[in-house]
Amino acid sequence: MAANPLGFFRFATRYYPLLLDLFYRREGFTEADLRGLITNLSTESDPAPLNVIDQLLSYGIIELIEPIPMPLPRLN
């Protein structure tokens with residue numbers, strides 16, 4: 001489904017500092033990092049961090065990446 005351009009630009013305007021921070025992160029970030037960034041920018045009238053994360057996902061700004069499984073240590 002195509003995103004509503006007006007909705008996207010309203011979101012980008014409201015969360016510009018968040019988008020800028022995410023753009024310059026070279027090492028990636030965890031969900032906890034993202035929730036913290038959103039919480040720091042939020043006011044009482046803003047949606048919950050999970051809703052903002054859902055919007056970031058729906059607009060294709062972020063993608064979920066499955067963690068790489070660590071191999072089990074070999075027992076000798």
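User: Leaving aside neighbours within four places in sequence, which residues is Asp46 in contact with?
Analyst: This is a predicted model. Contact here means heavy atoms within 4.5 Å. With neighbours up to four places away set aside, the residues in contact with Asp46 are Arg14, Tyr15 and Leu41.

User: Where is Asp46 found, and does it count as buried or exposed?
Analyst: Asp46 lies in the loop between helix 3 and helix 4. Buried means under 20% relative accessible area. Asp46 has 18% relative accessibility, so it counts as buried.

User: Which backbone nitrogen does the side chain of Asp46 reach?
Analyst: The Asp46 side chain makes a polar contact with the side chain of Arg14, at 2.3 Å. It also reaches a backbone nitrogen at 2.9 Å. That nitrogen belongs to Thr43.

User: Which elements give two or more residues to the largest nonpolar core?
Analyst: The largest nonpolar core has 13 residues. Leu18, Leu22, Leu34, Val52 and Leu56 touch the most other members. The elements giving two or more residues to this core are helix 1 (5-14), helix 2, helix 3 (31-41) and helix 4 (49-58).

User: Which residues does Leu18 touch, not counting those up to four places away in sequence?
Analyst: Leu18 is among the core residues that touch the most other members. Beyond four places in sequence, Leu18 touches Leu34, Leu37, Ile38, Leu41, Val52 and Leu56.

User: Why does Phe23 count as exposed?
Analyst: Phe23 sits in helix 2 (residues 16-24). With Tyr16, Leu20 and Tyr24, Phe23 forms a nonpolar surface patch of about 470 Å² accessible area together. Exposed means over 50% relative accessible area. Phe23 counts as exposed because its relative accessibility is 55%.

Conventions. Residues numbered from 1 in each chain as written. Predicted model: local features only at pLDDT ≥ 70, side-chain atom pairs only at ≥ 80, totals over all residues. Heavy atoms only, no water. Patch = residues over 30% accessible without salt bridge, like charges linked within 9 Å, V, L, I, M, F, W, Y side chains within 5 Å. Areas by Shrake-Rupley, 256 points an atom, 1.4 Å probe, with all protein chains shown as cover. Salt bridge = Lys/Arg side-chain N within 4 Å of Asp/Glu carboxyl O. Helix = DSSP H or I, 4+ residues; strand = E, 2+ residues; numbered from the N terminus. Buried < 20%, exposed > 50% of the residue type's maximum accessible area, 1.4 Å probe, protein only. Core = buried A, V, L, I, M, F, W, Y, C linked by side-chain atoms within 4.5 Å. Polar contact = N/O pair within 3.5 Å; in protein donor to acceptor, adjacent residues only side chain to side chain.
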